Amino acid sequence: MELDSDIKTTPRGFHCNLCNTNIPNQPSLEQHVKGRKHQTLSSVRAARKAQEAHSVFVSGIKPETSQTDLTEYFQQFGPVSDVIMDKDKGVFAIVQFSETDSTQAALSCIEHQMKGLKLRVKPRDKKEFKKIPKKSQNLQQALERLKPVLCQMLSVGAQMQCVLERFQLGENEKKARGLLIQLLQEVFSEFFPDSQVLPFGSSVNTFGIHSCDVDLFLDLENTKAFQARGKSTTEQAAEGTSDDGHSEDSILSDIDLATASPVEVLELVATILRRCVPGVQKVQVVGSARLPVVKFHHRELNLQGDITINNRLAVRNTRFLQLCSGLDDRLRTLVYTIRYWAKQKQLAGNPSGAGSLLNNYALTLMVIFFLQKCEPPILPTVDQLKDMACEEEECVIEGWNCTFPSQPIAVPPSKNAQDLCDLLPAFFSFYAQFDFASSVISLREGRALPITAFLSQAKEAETMQEEQPTKLLHHHHSPKLGPLNLLDPFELSHNVAGNLTERTQHSFQKECQEAEKYCRSLQYQHKSTKGKSWGLVRLFTPRGEGPQKTQQGATEKMTISIPFKVASLPEVLRNQLQLAGDDFRLLWFQKVCSAVEGVFQNVLKCSPAPSTDSVFGEDSAIGEGMETASADLSMSTNDDGVSSSTEVSPQGTAVVGAKRPLSSDSDPSISPHGKKPRLESSTMPGGLCWTWVQRHTVWAGRRKVRRELIKETDSRQDGSNMELESQVTDHIMNNEPEVKDPVEFKVQPVMEGGTESTKAVLKFQSANDQAGLFQDFFHFLEVFLPKMVETLLEKGV
């Protein structure tokens, strides 16, 4: 294969400059060049170059000049395919012709006169085609601007205070938001009598940052009462007729607020914003959101805003955060520091509010929960705050008890005297060890609730929904369970971290572990006397910008994690896990091992090597303290009441629960030499190992084969379907020759959990790879294997 100008040879393989991607070997390079990403970027680059050759840059126009004016003028030189105007100031444009000759004709014209304007026409600048820079590069640049200031501080606490002062809203920004709210209140009062515009969210909850959105709740309850009283009369205002012939003063006569849908009301709000609020632009109704909103932008103040009409709980949440920040000054400093750290590590900061990363509200609640768990507690629980409130402060919204004191003075101060330098590492240590998989975080109770309790709640909610589909109390709603479960302090059916994916949750916990490790070093604790980065500067280094791992280290850690995802489990397995109680991990791990074996043997058609030994070896921990496993799938209980499950694998050996036999002179009550005694029922299994042989490149070209098979069978595409994927493998094996040297590899599943999120970790090791194909196969398995295992678990296969 002849290398093009985009491909460069490196000591470790190849590098594609166009895609900014490293490629390990020649077969992977051929796949990459034919792949969608490379082909798409090549096409985009070619199109950009063609556009540059067919375009001219035009200046000297006025803001009122339209695209039609320019199109009509430049058509004298040839067909015009597009005109791109400067949207901000309207002083230049790019005119694109259909032919290169037309471009040359326009450039050869000495003078251009259009409607009294003297236009300046010149060739369009030819820019080098570049991909959009990675987010980490922008984050590194932002850190470089902050770095000199942080390095001058004398302590980590001072650095954290600097971060707070650097990013918090300034007084002028608060005043600008106040002016916008006042303007909207005056306008909406004209159309919605007795309505209120109530701010909530970052702008007013004491945790706002520069350029944060203005979130507003338009309270129309009093307006509904006003409209109901007005129905008894038939008077209609005759003044204020707009251009379209409708009376703006009688806008309420066009809609019944009591029966109209939220989207219908928001459409009316959007109309008022467009017509009656000076400086407002880019008004858009988003009716598909969890809570429909109207988005807008105020040009002079340069502020983005959201207006909702059914988010009274958010206003109460804002008051709660205001109270918490007033109870202890350390909260705000911690929140700003951790938010910036999470942004730098690409754990938070969803664009346009949508995405799989943590949002600022969720991060703030996680900090509050951590402070509730400190010893002694720094912040009280929501239930404790409820007991401290007086009778006049009782508040119930949509069936949820939202009672808490209105002033911080009603809450006794905390006796915890830890400083910020100690609290930050403690936060990372707390969540580095937190068992996300089996816990639901509750700020109301100030503790982690067992997830098994919510499995039964979900079933009860489904039953009640079937029996009373139109009348279901809020307290019977079960939150959407996911990789990270964080209950709203008041709306207990809302998981504020429900948008997170397994990857985000895993990345968060991994970064917490790395941060905890760094905070134990002298580089965190003491200022550098040589002017080097220290304290928060190193902690804020964006992901991927730190020291690179060696190739050897990368090879040692060839692992694939399959996390415990309760939301995707079938009801039958959920019920089994609930019955297992605290020992549900063992049962789940057994199912995962069975599914992994099924994927390799039945889907990818791998053959077990003759040396395969699918039993737990001497290092296995699962067999300690358990009765001998039976040969069929069953549940056995040891003397301590710990349940375990066993299953015969397709290869005829026990997969989970096998017990290492003791020697004849061993005392069963005494732990073997070198073994730690079993302390708790969450001891994790290990020792199982498969050895597989793959004789075909079943990973190459799967997407193309899958599309062809779907087209032939006229079936719905489902990339996780076991039968379809088996057919794809069969098709490749029947049409592609066997590789000269088969790939032989070992897979050892190990369960991790107990003090951190439960997951099955598959450790891979190449046993025979003379053709150098194992790296490509493993790269394919990283995505394919967890997806297939999840599918098998969902279907109960």
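**Charged side chains and their partners**

In this predicted model, Arg299 is partly exposed, with a relative accessible area of 45%. Its partner in a salt bridge is Glu300, with the closest N and O atoms 3.6 Å apart, and Glu300 itself counts as exposed at 55% relative accessibility.

Side chains of opposite charge can pair when their charged atoms come close. By the rule applied here, the count comes to 15 salt bridges, and one of them joins the side chains of Lys224 and Glu221 at 3.5 Å, N to O. Both of these residues belong to helix α8 (residues 221-230), where they stand three residues apart, about one turn of the helix. Lys224 counts as partly exposed at 32% relative accessibility, and Glu221 is partly exposed as well, with a relative accessible area of 43%.

The side chains of Asp435 and Arg585 also meet in a salt bridge, at 2.2 Å from N to O. This pair links distant parts of the chain, 150 residues apart, with Asp435 in the loop between α14 (420-432) and β16 (439-442) and Arg585 in helix α21 (residues 584-603). Asp435 and Arg585 are both buried.

Salt bridges also link Arg702, Arg706 and Glu725 in a network.

Turning to like charges, Lys34, Arg36, Arg703, Lys704, Arg707 and Lys711 gather on the surface in a patch of positive charge. Helix α22 (residues 702-713) gives the most to this patch, with four residues, whereas Lys34 lies in helix α1 (residues 26-34). Lys34 is exposed, because its relative accessible area of 66% is over the 50% that sets the limit for exposed residues.

Conventions:
Residues numbered from 1 in each chain as written. Predicted model: local features only at pLDDT ≥ 70, side-chain atom pairs only at ≥ 80, totals over all residues. Heavy atoms only, no water. Patch = residues over 30% accessible without salt bridge, like charges linked within 9 Å, V, L, I, M, F, W, Y side chains within 5 Å. Areas by Shrake-Rupley, 256 points an atom, 1.4 Å probe, with all protein chains shown as cover. Salt bridge = Lys/Arg side-chain N within 4 Å of Asp/Glu carboxyl O. Lys, Arg positive; Asp, Glu negative; His and termini not counted. Charge placed at Lys NZ, Arg CZ, Asp CG, Glu CD. Helix = DSSP H or I, 4+ residues; strand = E, 2+ residues; numbered from the N terminus. Buried < 20%, exposed > 50% of the residue type's maximum accessible area, 1.4 Å probe, protein only.
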